[in-house]
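Here are a few friendly notes to read alongside the model. Please keep the structure open while you go through the points.

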Amino acid sequence: MHRLSRRSVSTILRTSGARYRNAAAPIASSSFSNLLDDSAVQSDTKLRWYSVLSTGACNSTRPIGSLNLKNGVFMGNRPESTAAASDASDVPAEKYEYQAEVSRLMDLIVNSLYSNKEVFLRELISNASDALDKLRFLGVTEPELLKDAVDLDIRIQTDKDNGIITITDSGIGMTRQELIDCLGTIAQSGTAKFLKSLKESKDSGADSNLIGQFGVGFYSSFLVSDRVVVSTKSPKSDKQYVWEGEVNSSSYVIREETDPEKIIPRGTRLTLYLKQDDKGFAHPERIQKLVKNYSQFVSFPIYTWQEKGYTKEVEVDEDPAEAKKEDEQDEKTEKKKKTKTVVEKYWDWELTNETQPIWLRNTKEVTTEEYNEFYKKTFNEYLDPLASSHFTTEGEVEFRSILYVPSVAPMGKDEIVNPKTKNIRLYVKRVFISDDFDGELFPRYLSFIKGVVDSNDLPLNVSREILQESRIVRIMRKRLVRKAFDMILGISLSENRDDYEKFWENFGKHIKLGCIEDRENHKRLAPLLRFFSSQSEQEMISLDEYVENMKPDQKDIYFIAADSVTSAKNTPFLERLLEKDLEVLFLVDPIDEVAIQNLKSYKEKNFVDISKEDLDLGDKNEEKDKEMKQEFGQTCDWIKKRLGDKVASVQISNRLSASPCVLVSAKFGWSANMERLMKSQAVGDTSSLEFMRGRRVFEINPQHPIIQTLNEVSNSSPNDEESLRAIDLLYDTALISSGFTPENPAQLGGKIYEMMGTALSVKWGAPAVEYQQPATGPAHNAEPLEAEVVEPVEAGRQK
């Protein structure tokens, strides 16, 4: 006979079904001898037990205390069987229903499910709309349901003095049993049942377009109410029933309506008795505002009880003394009675919603004026949009949308930083859901796009306030972004160039941000970019226009980053390119350089920064370069020795024609413009500054007289002190002209003053002025520079 370990016994007992779990679990959890002493195990309770070593149930039934135990292991009745032959799948299992604590569930719905109290009205109106939809749908095959000839509408009346809201619909109503099933059972949705029955019937192809499928919308009324009374009359029943529940109660009351004044021909009337803190919802103006915000496009008319007024003329009683005077003066003339205009107030029903959303209409039937009017009304704008797009998508995801490009950016222009905007209004089956999104429908850089999106199959959470992440949302986002690009491209291709100039002025930074954040849409973003250039300083050009103007042998797109067009066009880096008539883009916005670096290329043309080393202008002459290196090689080494670690190397330049020298950035380091921007960051990381800016390369122009003179000095007098100071001054000047910031401006000033003094003494015969460098503190004394003084004697005295 096989022996099983204690773990094997425990495993087999766990698989023996929920029916025997209560008896088996204690035995499998500890030593059998200890557990058998327990009074619960020693009881007379009998059970049908399963042998550890057999697959079938034993026919015998014994007390649990009489089980055959040996060394803590069950022994079965069939010794020829093995434990491996046991099959847990043959063991019957019982199914149990989850149990919910009603009071706790109600507390979750009231206090945790909805983030905004005002959505209670949206939920209740949606339920009323569903009731009307069901009646209209069923009335096609059962005309007797509509025999009362009551208009299909929703009416909302308020009593602000007592804090009461009454919502009445003329929909399908409910019988007594339906009241118990739908309102007495939390999360039991009558709409979901109705849709299921439609799906199972032959008429499943009909679109009922119902909303409330979660079964918790009604309980949102307890967000603002202490007590809710539902009075309902179904055309299938002769009686009207009343359901009544309170917010902190786990029970409800159903009774028959006996008051003849409260009898309704058909439908449902909800009466909400508001909490003390929420009685403000009972103001007619607030109810009207909520209806227009959330339920503006519900397909049934919604009437609200509003105070109105009309003007009329009424007679005024005159003062007796004044009347006597007037009688004496006008004895012979006919006397006219005095009147005044007063406003007579009264209460009446007012239609609050528009039943036909503009996005559901055919695009051919809607005029531009209607699109613009809808835009102004929906988003509180006063200017017409630059462009609009009305479209319907079908296939995996079906939705309708109208998108707009505003004509001006909002005040503050902080939307480029904050992706949460109120620009996209999401509707599900024409019921407003939310306009508070964090990049789910549009990326951050397109946050300026405004519009409405209406879908029938969006994945929402139970409160219908949050858009859940899913494949449907990703597909919808992709299509919306594509339509937005089509709109913007349409503006750029418009005959009226001013429209796109206006767009670029307001939203150009957003497009550049897209180049940084959205690699997938680089091909759509690049044609929208605009820059000034060396051949177009007054009017921005597109990359397409640049490529069209490129020279036949030009392989790259050249650019220079600076803080202004003036700085860019006067930089020494441009000299040879202007001579060769090569166009250079001016990147004058702080974000431009980063955007271009992320694009890398456009139409197979690489972007090249002309301020970085290894610039290839396509005119290399190897023999000439070799001669120049031989002639000026010693001068380059001499200058490098003087400058030391300030530069990585000294090279012959192929980009200069007028300037003697220039300081270029390393190929993969920061440019002068980027270095300036990173230094100015308030929360920037200065520790990475030295690493990212890389080693600079000092390039000299062998055609310039200053460089030719230095070349002669390097051969004849390499240790001449004035020549060495000239190299220092040349480096500092190149530092400024190349866009870098000198590390010691005072030192540079001293060199310039000294040079001015020498020039003045030569021209006017005045004595040379010795300029003494001002002390700059311990750091200055710790690292004295050789070029700080005029005479070596003075330098020794200073030290």
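1. Let me begin with the charged pairs: the count comes to 24 salt bridges, a salt bridge being a side-chain nitrogen of Lys or Arg within 4 Å of a carboxyl oxygen of Asp or Glu. The model is a predicted one, in which local features need pLDDT of at least 70, side-chain atom pairs count only at pLDDT 80 or more, and totals for chains, interfaces and linings use all residues. Residues are numbered from 1 along each chain as its sequence is written, and side-chain values use heavy atoms, with hydrogens and water left out.

2. Please look at D728 and R642, whose closest N and O atoms are 2.6 Å apart in a salt bridge. This pair links distant parts of the chain, with D728 in helix α22 (residues 721–737) and R642 in helix α18, 86 residues apart. Helices here are DSSP runs of H or I with at least four residues, strands are runs of E with at least two, and both are numbered from the N terminus. Both D728 and R642 are buried, where buried means under 20% relative accessible area, exposed over 50% and partly exposed in between (1.4 Å probe, protein chains only).

3. Two further salt bridges deserve a glance. In helix α16 (residues 575–579), E579 and R576 lie three residues apart, about one turn of the helix, and their side chains meet at 4.0 Å, N to O. E579 counts as exposed because its relative accessibility is 56%. D153 pairs with R155, the closest N and O atoms being 3.2 Å apart; D153 is buried at 8% relative accessible area, while R155 is partly exposed at 25%.

4. Now to the rings: the whole structure holds 24 aromatic pairs. Rings of Phe, Tyr and Trp (its six-membered ring) pair if their centres lie within 6.5 Å; planes under 30 degrees apart count as stacked, over 60 as edge-to-face and the rest as tilted. F218 and W243 are edge-to-face, because their planes stand at 80 degrees, with the ring centres 5.3 Å apart. F218 sits in the loop between α7 (190–200) and β7 (225–233) and W243 in strand β8 (residues 240–246), so the pair ties together parts that are 25 residues apart in sequence. F218 is buried at 8% relative accessibility, and W243 is buried too, at 3%.

5. Y294 and F432 make a tilted pair, 5.4 Å centre to centre with 50 degrees between the planes. Y294 belongs to helix α8 (residues 284–294) and F432 to strand β16 (residues 431–434), 138 residues apart. Both of these residues are buried. Y294 and F432 also belong to one aromatic cluster, together with F297, W359, F374 and Y427.

6. On the surface, E622, E623, D625, E627 and E631 gather in a patch of negative charge. Patches are made of residues with over 30% relative accessible area and no salt bridge; like charges are joined within 9 Å, nonpolar side chains (Val, Leu, Ile, Met, Phe, Trp, Tyr) within 5 Å. E622 lies in helix α18 (residues 622–643) and is exposed, with a relative accessible area of 69%.

7. Lastly, I752, Y753, M755 and M756 form a nonpolar surface patch, with about 390 Å² of accessible area together (Shrake-Rupley method, 1.4 Å probe; for residues, only the protein chains shown count as cover). I752 is in helix α23 (residues 745–764) and counts as partly exposed at 34% relative accessibility.

Notes. Lys, Arg positive; Asp, Glu negative; His and termini not counted. Charge placed at Lys NZ, Arg CZ, Asp CG, Glu CD.
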